[in-house]
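This briefing is meant to be read with the sequence and the structure side by side. It begins with one question and then moves from the single chain to the pair of chains.

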Number of protein chains: 2
Amino acid sequence: MEVINLNNKFSQFNEHWTPKIIGALNGQHVKIAKVKGEFIWHDHANEDELFLIIKGTLKIEFRDRTLTLQEGELCVIPKGVEHKPIAEEEVWLLLMEPASTKHTGDVEHELTQKELEWL
Amino acid sequence: MEVINLNNKFSQFNEHWTPKIIGALNGQHVKIAKVKGEFIWHDHANEDELFLIIKGTLKIEFRDRTLTLQEGELCVIPKGVEHKPIAEEEVWLLLMEPASTKHTGDVEHELTQKELEWL
């Protein structure tokens with residue numbers, strides 16, 4: 001058991017679209033990521049995914065609408081729903097999803113990370 | 001799917017030690033609570049629990065130590081670990097735990113809520 005300071009964890013990396021694991025509970029991982037630019041369209045067939053915005057403004061495109069999330073806002077993306085995150089400026093995210101989740105979903109892409117790093 | 005604004009959700013209640021559900025994913029609930037004063041010693045036999053501090057300073061006593069969490073800090077309390085949260089001033093918390101979790105664990109207490117409200 002330890003106190004996990006988000007600012008401290010975010011200070012340990014600068015690369016974009018590389019989620020890092022900072023905690024685990026009940027088969028879920030708590031992750032953080034810095035993102036900037038456009039990600040790829042993907043979904044997670046069996047996993048709901050939570051995005052909480054720590055800094056910045058994130059747009060999430062869905063096939064039928066776009067949500068805009070500011071600092072202090074979150075949304076849950078249900079399993080199977082295609083989405084594409086877009087960050088015009090750098091955004092700091094906290095993610096919560098099952099330990100099994102790949103961040104590019106079922107899409108194999110150069111952005112797909114095989115093994116996520118623990119911070 | 002919707003944007004959930006934490007400040008907006010916190011503005012909707014003032015009572016202490018009454019977690020409200022604001023989201024659900026993968027069998028877990030995302031909850032928020034305002035707390036002040038001392039809670040009771042309890043544990044959750046089968047459920048890990050995440051505390052993220054949105055505002056204020058929370059002490060969590062364990063049988064062998066005390067952690068102090070500030071705004072922007074989180075900790076995960078593993079299943080079976082007895083703990084007692086203490087807030088000298090009001091604290092705003094975000095919690096993540098299985099939908100089955102009672103906030104007083106296996107302890108039946110006047111603070112135990114039978115049915116949590118969705119905000």
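Is strand 3 of chain A mostly covered or mostly uncovered, and how many of its 11 residues are buried? In this predicted model, strand 3 of chain A is mostly covered, with eight of its 11 residues counted as buried.

**Confidence in the model**
- Chain A has a mean pLDDT of 93, and 100% of its residues reach 70 or more.
- For the model as a whole, the scores are ipTM 0.92 and pTM 0.92.

**Chain A as a whole**
- Chain A contains one helix and nine strands, and along the sequence these elements follow the pattern β-α-β-β-β-β-β-β-β-β.
- The radius of gyration of chain A is 13 Å, which agrees with the value near 14 Å that a compact globule of 119 residues would have.
- Taken along the principal axes, the box filled by the C-alpha atoms of chain A is roughly 40 × 30 × 25 Å.
- Of the 119 residues of chain A, 38% count as buried.
- When contacts in chain A between residues at least 6 apart in sequence are considered, 66% of them join residues at least 24 apart.

**Strand 3 and its partners in chain A**
- Strand 2 and strand 3 of chain A run antiparallel and are joined by five bridges; within this pairing, Gly23(A) has Val30(A) in strand 3 as its bridge partner.
- Strand 3 of chain A also pairs with strand 8 of chain A, again in the antiparallel sense, over 10 bridges, and here Gln28(A) stands opposite Pro98(A) in strand 8.
- In a regular strand, the side chains alternate between the two faces of the sheet.

**The turn at Asn26**
- The hairpin of strand 2 and strand 3 of chain A has two residues between the strands, and in that hairpin Asn26(A) takes a positive phi near 50°.
- Most residues other than glycine have a negative phi; Asn26(A) has a positive phi of about 50° although it is not a glycine.
- Asn26(A) counts as buried because 21 other C-beta atoms lie within 10 Å, although its place is in the loop between strand 2 and strand 3 of chain A.
- In chain B, Asn26(B) likewise has a positive phi, near 50°, lies in the loop between strand 2 and strand 3 of chain B, and counts as buried with 21 C-beta neighbours inside 10 Å.

**Two further residues of chain A**
- Ile22(A) belongs to strand 2 (residues 20–25) of chain A, and it is classed as buried because it has 22 C-beta neighbours inside 10 Å.
- Leaving aside neighbours within four places in sequence, the contacts of Ile22(A) include Val30(A), Lys31(A) and Ile32(A), as well as Ile4(A), Lys9(A) and Leu119(A).
- Ile22(A) and Leu6(A), 16 residues apart in sequence, are 8.9 Å apart from C-alpha to C-alpha.
- Glu82(A) is located in the loop between strand 7 and strand 8 of chain A, and it is partly exposed, since 14 other C-beta atoms lie within 10 Å of its own.
- Not counting residues up to four places away in sequence, Glu82(A) touches Trp41(A), His42(A), Asp43(A), Phe62(A) and Arg63(A).
- Between the C-alpha atoms of Glu82(A) and Gln12(A), which are 70 residues apart along the chain, the separation is 30 Å.

**Contact between chain A and chain B**
- In chain A, 25 residues are in contact with 25 residues of chain B.
- Several elements of chain A give two or more residues to the side that touches chain B, among them strand 1, helix 1, strand 3 and strand 8; strand 7 gives the most, with five residues.
- By class, that side of chain A has 15 nonpolar, six polar and four charged residues.
- Strand 7 of chain A and strand 1 (residues 4–5) of chain B run antiparallel and are joined by two bridges, and Glu73(A) stands opposite Asn5(B) in strand 1 of chain B.

- The same surface serves both copies, as 100% of the contact residues of chain A recur in chain B.

How values were computed:
Residues are numbered from 1 along each chain as its sequence is written. Chains are lettered from A and ligands numbered from 1 in the order in which they are written. This is a predicted model: local features need pLDDT of at least 70, side-chain atom pairs count only at pLDDT 80 or more; totals for chains, interfaces and linings use all residues. Helices (H or I, at least four residues) and strands (E, at least two) are DSSP runs, numbered from the N terminus. A residue is buried if 20 or more other C-beta atoms lie within 10 Å of its own, exposed if 12 or fewer, and partly exposed in between; C-beta atoms are placed from the backbone. Two residues are in contact if their C-beta atoms, placed from the backbone, lie within 7 Å. Ala, Val, Leu, Ile, Met, Phe, Trp, Tyr, Cys and Pro count as nonpolar, Asp, Glu, Lys and Arg as charged, and the others, Gly among them, as polar. Two strands pair if DSSP finds at least two bridges between them. The radius of gyration is taken over C-alpha atoms; the globule rule is 2.2 Å times the number of residues to the power 0.38. pLDDT is the predictor's confidence in each residue, from 0 to 100.
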